[in-house]
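Have a look at the picture first, then read on.

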Amino acid sequence: MSIIRNAAAIAKGMSITLGEAFKPTEVENYPDGKGPMRGAQFQERFRGKHQLQRDENGLEKCVACFLCAAACPSNCIYIEAADNTTDHRISSAERYAKVYNIDYNRCIFCGYCVEACPTDAITHGHGFELASLNATTMVMRKEDLLVQIPVGLPKSNQEKAEVLA
Ligand code: SF4
Ligand code: SF4
């Protein structure tokens with residue numbers, strides 16, 4: 001009796017295996033083709049690699065207030081502030097982040113930094129390819145996080161932002 005039960009169980013298992021084997025593949029051709037992340041809602045809320053945003057004039061939104069670093073439970077944000085001057089304006093406020101590093105060896109993607117930011121300067125992007133065998137490459141610098149200058153910016157502003165970037 002147990003032989004029949006075991007044979008039936010094996011047949012049931014194999015039927016699932018064979019059924020799946022002939023279905024079209026659902027795995028994207030990773031890493032050559034990344035494919036979309038499933039579900040628009042999931043994609044919007046996904047917490048990936050951070051982005052430092054610019055305002056509509058191409059200036060950096062970060063004003064070096066350190067609130068994100070203070071809110072970070074992993075202590076993985078490092079900022080050095082500098083003053084804007086008339087000839088060298090990076091953000092629209094008094095100060096800007098001369099150095100802005102996030103150590104992804106320690107970041108837990110909790111989003112507290114995003115919530116703490118008063119200017120919406122730091123946000124989560126959708127980048128997820130952060131794994132590395134070299135821990136030193138896991139420290140992302142401002143240059144790695146800063147978004148491009150907005151397309152369609154008036155030419156005078158764009159030139160100014162490019163010079164300052
Ligand atoms: S997501 Fe969380 S752990 Fe990562 S930098 Fe922001 S506050 Fe820190
Ligand atoms: S990212 Fe936001 S919270 Fe962090 S220093 Fe810049 S302005 Fe302040």
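1. In this predicted model, the largest nonpolar core is made up of 20 residues. Leu52, Cys62, Cys68, Tyr96, Cys113 and Ile122 have the most contacts inside this core. Strand β3 (residues 95–103) gives the largest share, four residues.

2. Beyond its neighbours within four places in sequence, Cys68 is in contact with Ile77, Cys113, Ala116, Cys117 and Ile122.

3. Is Cys113 buried or exposed? Cys113 sits in helix α4 and counts as buried, because 25 C-beta neighbours lie inside 10 Å, where 20 or more are needed. Setting aside residues up to four places away in sequence, Cys113 touches Cys68, Ala71, Cys72, Ile77 and Ile122.

4. UniProt, in an unreviewed entry, gives the feature "binding site" at Cys72, Cys107, Cys110 and Cys113. These positions are spread over 42 residues of sequence, yet they cluster in space, with a largest C-alpha distance of 10.4 Å. Cys110 belongs to the loop between β3 and α4 and is partly exposed, because it has 13 C-beta neighbours inside 10 Å.

5. Now for the ligands. Ligand 1 has 14 residues around it, and Cys72, Cys107, Cys110, Tyr112 and Cys113 come nearest; its shell holds 12 nonpolar, two polar and no charged residues. Ligand 2 is surrounded by 14 residues, with Cys62, Cys65, Cys68, Cys117 and Ile122 the closest; here the shell has 13 nonpolar, one polar and no charged residues.

6. Finally, helix α1 (residues 2–21) is hardly covered: the count of buried residues among its 20 is zero. At 1.5 Å a residue the helix should span 28 Å, so the 28 Å between its end C-alpha atoms agrees.

Terms used
Residues numbered from 1 in each chain as written. Chains lettered and ligands numbered in written order. Predicted model: local features only at pLDDT ≥ 70, side-chain atom pairs only at ≥ 80, totals over all residues. Near = placed C-beta within 6 Å. Nonpolar A, V, L, I, M, F, W, Y, C, P; charged D, E, K, R; others polar. Helix = DSSP H or I, 4+ residues; strand = E, 2+ residues; numbered from the N terminus. Expected span 1.5 Å × (residues − 1). Buried ≥ 20, exposed ≤ 12 C-beta atoms within 10 Å, placed from the backbone. Core = buried A, V, L, I, M, F, W, Y, C linked by C-beta atoms within 7 Å. Contact = placed C-beta atoms within 7 Å. UniProt positions renumbered as here; feature names shortened; annotations may be inferred.
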